[in-house]
Amino acid sequence: MTPPFSSLRHRFFLALGGVLCFALLALILVARYQIMPILLEDEEKYASGELDRVERTLGSELNHMRRLVEDWAWWDDTYDFIQGQRPEYTDSNIYESTLETLDLKMMIFLDVRNQPSWVAGYDEDGEFTSCPDTAPPCDWATTYINYLQARLDSENEASQTWLLAQPELAMAAMSGIYQSRETSPSAGWLMMVRPLSAPWLEQLRDTTGIDLHLTSIAAENEAVHESLERVSATHMAASRAVDAMPDDRLVRIDATLPRQRYQASLETFRFALYWTSGVLVLTVLVVLWLLESIVLAPLRQFSRYTQRLHLDTTPSPMPASLLNRHDEIGTLAQEFRHLLDHQYQQSTLLLELSQHDSLTGLANRRLFDEQLKQTMHQAQTHGTQVATLMIDIDHFKLYNDHYGHLAGDDCLSTLAEFMQGHLASHRFLAARTGGEEFSILMPGTSLNEALDHAHELLEAINSLALPHEYSPTSPYVTVSIGVAARQDNLSTPSDIMRAADQAMYQAKAGGRNRVAAYQAQDQTSSIEH
Ligand SMILES: Nc1nc2c(ncn2[C@@H]2O[C@H](COP(=O)(O)OP(=O)(O)OP(=O)(O)O)[C@@H](O)[C@H]2O)c(=O)[nH]1
């Protein structure tokens, strides 16, 4: 069984899949820990900027208040009034419609000793009162006068503004009362208070375009100066505490801000992320496809070809698509093909050597036995005839003794070549099966036909007239031939060869230079030349 991921294709799929997952994970981590914090920080800056804007608008409103109170404080009539020289001043200037027109809650005049000189404004019930001091019904002014006196004790600037957090949310502005614009010393103080009423707040919302609320809070409760809470995907709550009067209170600005900027950035980032991921996946797929088509598919083709070699007896041609490549795979295929051809030639040569006699070039006993076995099997199966000849050179020892061993070799080669040529027109197999012994396999040949061939061969060798002057049989080289044919009692290769051998010895015994046939019933007849 093939182990999992053993193929290159699976390994590449796994490796590139791993790389892809790693890259996507890296993208997600970068998005989570690098990009998102930047977007959130940007959003915090935006929220802080919006709160700055609200604070600036509040500051601008306080400046208006400052200019208003300075206008009144630097008016000569006011100076005269605070000096006690113009008693009609309050009747002609300080009345309810004045406060209504100026959108004020109160006006407080302090003399040069910081003591109330005149107060005018609305009490807790909304009743307009105007008095020379803080005795009822103008006792509501006491709190504000205390704030003003506390502020005058700590700072003695010509004019000041501040937010009031108590007893209600309001803006306050204070200015010294001067004659001819500060050329004279301050003759007293004028404070105006404008409530941060609902209509005023609505106007502030319109001006800033921000949905905001102002709240009075205790200073000790405010742990952080500024905070931001993302209440939903579309909105966030930003708040900032600003200084106010009295000192133990703060005014908190609460603003509900849209998260469009963040959402737009997030959308853009997501868009980029999806595209990057898409391009990444596509790149990996393209790489896999290129790998598959350029490397893996040809390698698989190569591998299939090499596997087929085990089954083929002769190597099938290498696919041209591999051989014609000009890359490393092509080189590998060409080199492999050369090696294969070389190996095939070598093995063919080895087979040739192992099946043929080196001296005569005829088939050797091994090949003869194989062919005989196959032929006998086919004859057995199809009922065809088979005959064999066994040929032994007569007195070859004497030949060697007199002509020498090398001449003996030449004689063997000459006879082998002659016999091969003589039998060439037939589908016979001539083999050298012993030192000076040859065998002929004659498929589809009867005993009589084999005898005819044996006689022809015998005569042909005689007519060749190879000198053998010391042979007692003839002055020329002669042979003795035993003939046997397949029959019921000669059905195996060894049977038929043993029979041919016996017949050959009969020929020897009969005087040599003759043909003898093996006969059934253990009778061997020799036919003399
Ligand atoms: N030159 C040469 N001689 C061989 C070769 N193989 C066998 N012989 C010789 O063949 C001779 C066979 O001799 P024997 O078996 O006595 O038979 P013979 O002399 O031919 O006599 P008969 O067969 O009875 O006619 C031996 O002298 C072997 O040395 C060979 O390859 N080359």
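## Close-up views of a predicted model

**View 1. Helix α11 meets helix α12.** Here F396, Y399, N400 and Y403 of α11 touch H405, A407, G408 and C411 of α12, where a contact means that the C-beta atoms of two residues, placed from the backbone, lie within 7 Å. Sorted by class, this contact holds 5 nonpolar, 3 polar and no charged residues. Nonpolar covers Ala, Val, Leu, Ile, Met, Phe, Trp, Tyr, Cys and Pro, charged covers Asp, Glu, Lys and Arg, and polar takes the others, Gly among them. Helix α11 spans residues 396-403 and helix α12 residues 405-422; they pack at about 130°, with axes 6 Å apart. Axes are lines fitted to C-alpha atoms, for helices over the stretch in contact, and angles run from 0 to 180 degrees between N-to-C directions. The two helices, α11 and α12, are therefore oblique to each other: under 35 degrees counts as roughly parallel, over 145 as roughly antiparallel, 65 to 115 as roughly perpendicular, and the rest as oblique.

A word on the model before the next views. Residues are numbered from 1 along each chain as its sequence is written. The model is predicted, so to speak with care: local features need pLDDT of at least 70, side-chain atom pairs count only at pLDDT 80 or more, and totals for chains, interfaces and linings use all residues.

**View 2. Helix α1 runs alongside helix α7.** The axes of α1 (residues 8-73) and α7 (residues 260-309) come within 10 Å and cross at roughly 165°. That makes α1 roughly antiparallel to α7. By class, their contact has 25 nonpolar, 3 polar and 5 charged residues.

**View 3. An open sheet of 6 strands.** Its order is β3-β2-β1-β6-β5-β4, with antiparallel pairing; two strands pair if DSSP finds at least two bridges between them. Neighbouring strands are turned by 10° against each other on average, direction ignored. Inside the sheet, β5 (residues 170-176) and β6 (residues 188-195) run antiparallel and share 7 bridges. In one of these, S175 has L190 of β6 as its partner. Helix α1 packs on this sheet, touching β4, β5 and β6, and its direction makes about 35° with that of β5.

**View 4. An open sheet of 4 strands.** Which order do the strands take? They follow β7-β10-β9-β8, paired antiparallel. Strands β7 (211-218) and β8 (226-229) stand at the edges with a single partner each, so one side of each has no neighbour in the sheet. The twist averages 20° from one strand to the next. Antiparallel β7 and β10 (residues 249-258) are joined by 8 bridges, and D211 has T256 of β10 as its bridge partner.

**View 5. The β12-β13 hairpin.** A hairpin of 4 residues links β12 to β13. Strands β12 (residues 429-432) and β13 (residues 437-443) pair in the antiparallel sense over 4 bridges. R432 finds its bridge partner in F438 of β13.

**View 6. The whole protein.** Zooming out, there are 14 helices and 16 strands, taken as DSSP runs numbered from the N terminus: H or I of at least four residues for helices, E of at least two for strands. Of the 529 residues, 28% are buried, meaning 20 or more other C-beta atoms lie within 10 Å of the residue's own.

Conventions. Buried ≥ 20, exposed ≤ 12 C-beta atoms within 10 Å, placed from the backbone.
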